[in-house]
Amino acid sequence: MLTRIKKYFVENKWICLYRRKHAEDSFGAASSGRFWKRVRCESRYWCADPFIVEEHGKYYVFCEMMDLKTSHGVLGLAEISPSGDSYARPIADLGCHVSYPNVFKANDTWYMIPETSGRKTIELYQAIDFPTRWKKQAILAQNLHAVDTTAFEQDGKWYVFIYEPKGANNALSIAELDLGAKRLGPIKKVQQYTCRIGRPAGNVFLHNGNSIRPTQFGVSTYGGKIVFKKFLFNSVSWKYEENDIKEVTPSIVQGLSRLPVAEGCHTYNCVGNIEVVDIKYSHFSLFRPLRILMKCLHLRGYHFYE
């Protein structure tokens, strides 16, 4: 009976959070939660996969906004105001479910590689009016089920991590990204995982001279925690090594009465002294069965995205 109640009335949702960390804090430092603030949005949506960037002294959070009316994700944007408030709004529907808006800047130009695994592509977008207007520049790869593709710079060149979930044979590959020609070089596998680990969870960053990549750990549950991996990549030999150095669990944001009980987390990003994460929680709703019925009957704009 309890299982049936959960099936029809309980759903998983995500929210994005941000905070200003103290200068002495390391990345993803444990906290009682009192410093975290929520990226708010209209009740029609929930937000996940936050990427934070800074431009001209302003801080922007790009994220997936899951539309509960249509059951698919759109590109969302929130600006963190000087007072510390933020509110996410949809800025683009790319024609398929969109998540993980990997935003990065190269040669004074802003680019984005959102996840578009629904159409089995890796796509490159460029800002034509940052931060709200983006134009697709190229399809970097086709017929490839890649999730959470993440760009990183090393030795003056750009590369991407490409993760292909294949059950017991999840593959991590690297390819050079030519932003001038807007194309990828050969995709070469560098790591294989026998369980749901190693999937990108945010932008690569430097810490004490080491390259760190956040990764998802979802062995027992999707979005269980974030594991930070220090990695070494030789672009000549294509040799790749990584090892775990730290983890962030949902408890990083526990302790705030106005936040739901966190059951998972799977994205971490930082810029300057501001860091962002997302957390998963269970939401009980008496209206969930009605919403599902309205989608099946295509009432009042509700439908399942196809």
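Two strands are taken as paired if DSSP finds at least two bridges between them. In this predicted model, strand 1 (residues 10-20) and strand 22 (residues 274-284) are joined by 11 bridges. The two strands run antiparallel. Within this pairing, Arg19 has Glu275 of strand 22 as its bridge partner.

Strands of a sheet pair through backbone hydrogen bonds.

Overall, the secondary structure of the protein comprises two helices and 22 strands. The radius of gyration is 19 Å, close to the 19 Å that the globule rule gives for 306 residues, so the protein is as compact as a globular protein of that length. The C-alpha trace spans about 55 × 45 × 40 Å along its principal axes.

Of the 306 residues, 52% count as buried, with the cut-off set at under 20% relative accessible area. Among contacts with a separation of 6 or more, 49% come from residues 24 or more positions apart.

The accessible surface amounts to about 14900 Å². Carbon and sulfur atoms account for 50% of that surface. The protein carries 41 positive and 30 negative side chains. The centres of these two sets lie 6 Å apart.

Conventions
Residues numbered from 1 in each chain as written. Predicted model: local features only at pLDDT ≥ 70, side-chain atom pairs only at ≥ 80, totals over all residues. Heavy atoms only, no water. Helix = DSSP H or I, 4+ residues; strand = E, 2+ residues; numbered from the N terminus. Rg over C-alpha atoms; globule rule 2.2 N^0.38 Å. Buried < 20%, exposed > 50% of the residue type's maximum accessible area, 1.4 Å probe, protein only. Contact = heavy atoms within 4.5 Å. Areas by Shrake-Rupley, 256 points an atom, 1.4 Å probe, with all protein chains shown as cover. Lys, Arg positive; Asp, Glu negative; His and termini not counted. Charge placed at Lys NZ, Arg CZ, Asp CG, Glu CD.
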